[in-house]
Amino acid sequence: MSQGITRDSMRGKPVDIEPSRLTVTKTTSPKELPPSKSLIFGETFSDHMLRIPWTDATGWGAPSIVPFSTINLCPGTTMLHYAQSLFEGMKAYRHADDTVTLFRPEMNMKRMNTSAQRLLLPTFSSSALIECIKALIAVDRRWIPKEPGHSLYIRPTLIATNSTLAIAPPKEALLFVIACPVGPYYPQGFKPVPLYGTTEYTRAAPKGIGGYKLAANYGPCTLAQKCAANWGYTQNLWLHGPEHWLTEAGVMNLFVVIKDSGGVTELITPPLNGMILPGVTRDSVLALARNHVSGVKRLGGFPDVIKVSERPINMGEIIQSSKEGRLVELFGTGTAAIITPVERIGYNGGDVMIPTGEDGMGPVSRPLWTELVGIQMGAVKSDWNHVVSK
Ligand SMILES: Cc1ncc(COP(=O)(O)O)c(C=O)c1O
C-alpha cells in the first residue's frame, strides 16, 4: 500500500517506515514461558516489543525491537485526554511442521491506515510494517504456543504523544507492537452464546467512528457489556435505530442464516455502512462463501445452493423467520474466536431462540470454521497465509 503520503512528503522529508533501519536489542533476562493451559487473554506479554516513533517534522524514525517495557508519557499527552489512539488485532500461528504464519496481515494494515487517517495520525506502508512485525515475531518465536488452537496475538497500536492539552492534529506519535500468547477461545469446545439485543446504548452512529478500530470505540462499551452480563447475556447485540437493525455482536461481526419461502438458504451480513467494523474474518467468510457459490472452491458440507448477501436485516425479520421455522443460525466472526454461534437473543423482555447444532455450530458456520482454521493452522493451503519463518 502506498498511502505513506503525509504532510511531510510535500516537504521532501523521509516519511515512511524503513525496515532496513530496524535495530534489535534482545532482553538479557528472558521470561519463563507460562504453561499454555494457564494463559488468560491479554495478560501475558512476550519478551520484546516493536517501537517506531514519528514526528511531523521528520516523519517515521528508525524501527527498533527492544525488551518489553513501560512507555513514559507526560501526563499532558494528548492521547491520554482525547483518545488519539487506535489499534489492530491479528495472530501468528504455528503449523504442525513448525512454519509460522500471519493470516491476511495486509487487511489489518489497510484498516490501521484507515483508522490513522480518521485521527490525522500518520499513515505508513503496509508492507514495511508487516516486515517489522515479522521480525518481532521471529525474535519472540518461542512465545508462539505449540498446542493446537493456540497462537500469538499481535497488537499493533498507534498513539499521539504530543505533550500538550491543545486539541489539534498530532505532531508526534508512537507506533508500537506487543504480543501475547493465547489459547483457544473455547477450550471446552463450542459453546453458543446468548446475546442481549441492546437499544439502551449505542456503539456506533451514522457518520461516526464505528467503522474504525479506534480506542474511543471500546471503553464506553464496557458499561453496556456489564449490564448485558448482569442480565445473563455474554455480549451485546448492537441494534440500530427504531427498526432495530442488527449491526455487530460485542466485538464481532454478525452473520444470519435464513431460508426463504422456497427453501433457499441465504447467508446475510449487514453491509459496511460506516457503523460496522470491516472485519478480516467477515471478509474471509464472505470470500469463502462466494468462492463456493462461483465454484472456485467448493466447501465440503456447505449448502449446495446458497445466496450470499450483504444487506440490512432487523429484529422484525429475525422474529418472523424464527416463527416460520426459517431461521437456520446466527453467528459472530472475529480474530479472537473465529466463529461464535449464538443460541438466543434477549429482546423486548423475552428470548428469541436460535437453532444450534449438536456440537454448537450450525450447517453453514461449521464448514466455514473448518476451512478457516484449516488455513490458519496450515492444513489447507492458501495464499492468505504470510510465512514469517520456517
Ligand atoms: C467492533 C469489532 N467488530 C468486529 C471485529 C472482528 O474483526 P476481525 O475479524 O478483523 O477480528 C472486531 C475485532 O477486531 C471488533 O473489535
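Which residues in α2 meet S126, L129 and I130 in α3? The tour below starts from that contact in a predicted model, where local features need pLDDT of at least 70, side-chain atom pairs count only at pLDDT 80 or more, and totals for chains, interfaces and linings use all residues. Residues are numbered from 1 along each chain as its sequence is written.

Select residues 105-118, helix α2, and residues 126-139, helix α3; helices are DSSP runs of H or I with at least four residues, strands runs of E with at least two, both numbered from the N terminus. The residues of α2 in question are P105, E106, M109, K110 and N113, contact being C-beta atoms, placed from the backbone, within 7 Å. This contact divides into four nonpolar, two polar and two charged residues (nonpolar: Ala, Val, Leu, Ile, Met, Phe, Trp, Tyr, Cys and Pro; charged: Asp, Glu, Lys and Arg; polar: the others, Gly among them).

Next, view the two axes, which come within 9 Å and cross at roughly 120° (lines fitted to C-alpha atoms over the stretch in contact, with angles from 0 to 180 degrees between N-to-C directions). The helices are therefore oblique to each other, the class left after under 35 degrees (roughly parallel), over 145 (roughly antiparallel) and 65 to 115 (roughly perpendicular).

Now colour domain 1 (7-184) and domain 2 (193-380), bounds that come from an automatic or database domain assignment. Their centres, taken over C-alpha atoms, are 29 Å apart. Domain 1 gives 24 residues to the contact and domain 2 gives 14. On the side of domain 1 that touches domain 2, α2 supplies the largest share, six residues.

Conventions
Two residues are in contact if their C-beta atoms, placed from the backbone, lie within 7 Å.
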